[in-house]
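Hello,

Here is the structure I promised to pass on. Have a look at it first, and my notes follow below.

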Amino acid sequence: MPNFWRPEPQIYDALIESIPRIMASQRPDGQFGDLPWICRDQHAMLPLAVAWQMPASPYHHDSDVLEAIVRGGDALIHDQDKNGMWTFRKKDHSTWGQIYMPWTYSRWIRTYRIIRDGVAENVRRRWDTALTLGFEGIARQELSRIHNIPTHHAMALYCAGEVLARKEWQSQAVAFIHEVIREQSPHGWWTENVGPV
């Protein structure tokens, strides 16, 4: 993946300084963060991948960082149900049912886009299968209404279409985003319930 990102020095420094803390937060099962674990804790894979990919980074192509990323994705695979969903769990231990968590899928596929060429074939097979399961579900049932969550799903679906060579996903995502644009007010917002958001 080309290095298009040219961060401001303070953003770059914050990223690099965060890597040891992120690495230290990972448990042997690949889960990041404190307990109770929630699938969104795995968002930490994306900054690890960015630091791993950047040539100027002290973590450029670092094998320990790459292994942490792989274990992080494998933890998501382990927790997926047969449809590719996770339990919507919050840190207060409440659960809201099963979900194709949009923020998690978008970060996972963007992480994979960065590291895919750097991982072993068995990792690619495992991640391809798990990500395909999730994004097939998203394509099938998550783009039915104009809202922030489906819009985020569409962004991730487009990326997944690029990474996993599914042009039909890209076309579906583009069509949905055009619907989102048509629903935008002239003042730049959308309606939700009784007012603008």
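This is a predicted model: local features need pLDDT of at least 70, side-chain atom pairs count only at pLDDT 80 or more; totals for chains, interfaces and linings use all residues.

At what angle do the axes of helix H6 and helix H7 cross? They cross at roughly 150 degrees and come within 8 Å, with H6 covering residues 148–163 and H7 residues 167–183. Axes here are lines fitted to C-alpha atoms, for helices over the stretch in contact, with angles from 0 to 180 degrees between N-to-C directions. H6 and H7 are therefore roughly antiparallel (angles over 145 degrees).

Residues are numbered from 1 along each chain as its sequence is written, and side-chain values use heavy atoms, leaving out hydrogens and water.

On the cysteines, a search of the whole structure finds 0 disulfides (a disulfide being a pair of cysteine sulfur atoms within 2.5 Å). The sulfur of Cys 39 has its closest cysteine sulfur in Cys 159, 18 Å away, which is too far for a bond. Cys 39 is buried at 3% relative accessibility (buried means under 20% relative accessible area, with a 1.4 Å probe and protein chains only), and Cys 159 is buried at 5%.

Finally, Thr 111 sits in helix H4, residues 102–115 (helices are DSSP runs of H or I, at least four residues, numbered from the N terminus). Thr 111 is buried, with a relative accessible area of 0%. Leaving aside residues up to four places away in sequence, Thr 111 touches Met 45, Leu 46, Ala 49 and Ile 69.

Best wishes

Technical notes
Helices (H or I, at least four residues) and strands (E, at least two) are DSSP runs, numbered from the N terminus. Buried means under 20% relative accessible area, exposed over 50%, partly exposed in between (1.4 Å probe, protein chains only). Contact means heavy atoms within 4.5 Å. Angles under 35 degrees count as roughly parallel, over 145 as roughly antiparallel, 65 to 115 as roughly perpendicular and the rest as oblique.
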